[in-house]
Amino acid sequence: SGGRVASIIADEMGIHKLVCIGYPFKHPSQPEDPGRYLHLVSIKTPVLILQGSRDEYGGVEVTRRYTLSPSIRMIFFDTDHHFLVDDAQWQASLECILTFINASR
């Protein structure tokens, strides 16, 4: 839940940019918990979320299921929450992260 904690404190701590690999929108075996995602509606810190399209904590459905701040950019990869991907997908992930980090606000 590092991405969850980091996103909760990002604005108040003055974090410049945040990268999350596999954000836990909903625990697969527990009821909906708004504390996991409500702060993502208004977060001002630029956030890049690399998410598995089949992530059991939230796959491609998160973009229509949850309201997210315009400062959040989501990129999906063909994987689950464990983010076990091949070398080409890791390279693509790295390129997304570097582009995000190097982009001006």
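Modeller: Happy to, and bear in mind that this is a predicted model.

Colleague: Which residues of helix 3 are buried?

Modeller: Those are Ser93, Cys96, Ile97 and Phe100. They sit on the same side of helix 3, because they cover an arc of only 95° around the axis.

Colleague: Remind me, why would residues a few places apart line up like that?

Modeller: An α-helix has 3.6 residues a turn, so residues three or four places apart point the same way.

Colleague: And which exposed residues are on the face turned away from the buried side of helix 3?

Modeller: That face carries Asp87, Ala88, Thr99 and Asn102.

Colleague: What about the phi of Phe83?

Modeller: The phi of Phe83 is near 55°, a positive value in a residue other than glycine. Most residues other than glycine have a negative phi. Phe83 lies in the loop between strand 3 (72-77) and helix 3, and is buried, with a relative accessible area of 5%.

Colleague: Okay, salt bridges next. How many do you count?

Modeller: Three. In one of them, Asp33 meets Arg4 at 3.7 Å, N to O. Asp33 is in the loop between strand 1 (18-21) and strand 2 (47-52) while Arg4 is in helix 1, so the pair ties together parts 29 residues apart in sequence.

Colleague: Which residue does Arg65 pair with?

Modeller: Glu32, with the closest N and O atoms 2.7 Å apart. This pair links helix 2 (residues 62-65), where Arg65 is, to the loop between strand 1 and strand 2, where Glu32 is, 33 residues apart.

Colleague: And what are the partners in the remaining bridge?

Modeller: Arg54 and Asp78, at 3.1 Å, N to O. Both Arg54 and Asp78 are exposed.

Colleague: Last one: which residues make up the nonpolar patch on the surface?

Modeller: Val5, Ile8, Ile9 and Met13, with about 360 Å² of accessible area together. Met13 is in helix 1 (residues 2-13) and counts as exposed, at 55% relative accessibility.

Conventions. Residues numbered from 1 in each chain as written. Predicted model: local features only at pLDDT ≥ 70, side-chain atom pairs only at ≥ 80, totals over all residues. Heavy atoms only, no water. Patch = residues over 30% accessible without salt bridge, like charges linked within 9 Å, V, L, I, M, F, W, Y side chains within 5 Å. Areas by Shrake-Rupley, 256 points an atom, 1.4 Å probe, with all protein chains shown as cover. Salt bridge = Lys/Arg side-chain N within 4 Å of Asp/Glu carboxyl O. Helix = DSSP H or I, 4+ residues; strand = E, 2+ residues; numbered from the N terminus. Buried < 20%, exposed > 50% of the residue type's maximum accessible area, 1.4 Å probe, protein only. Arc of directions from axis to C-beta.
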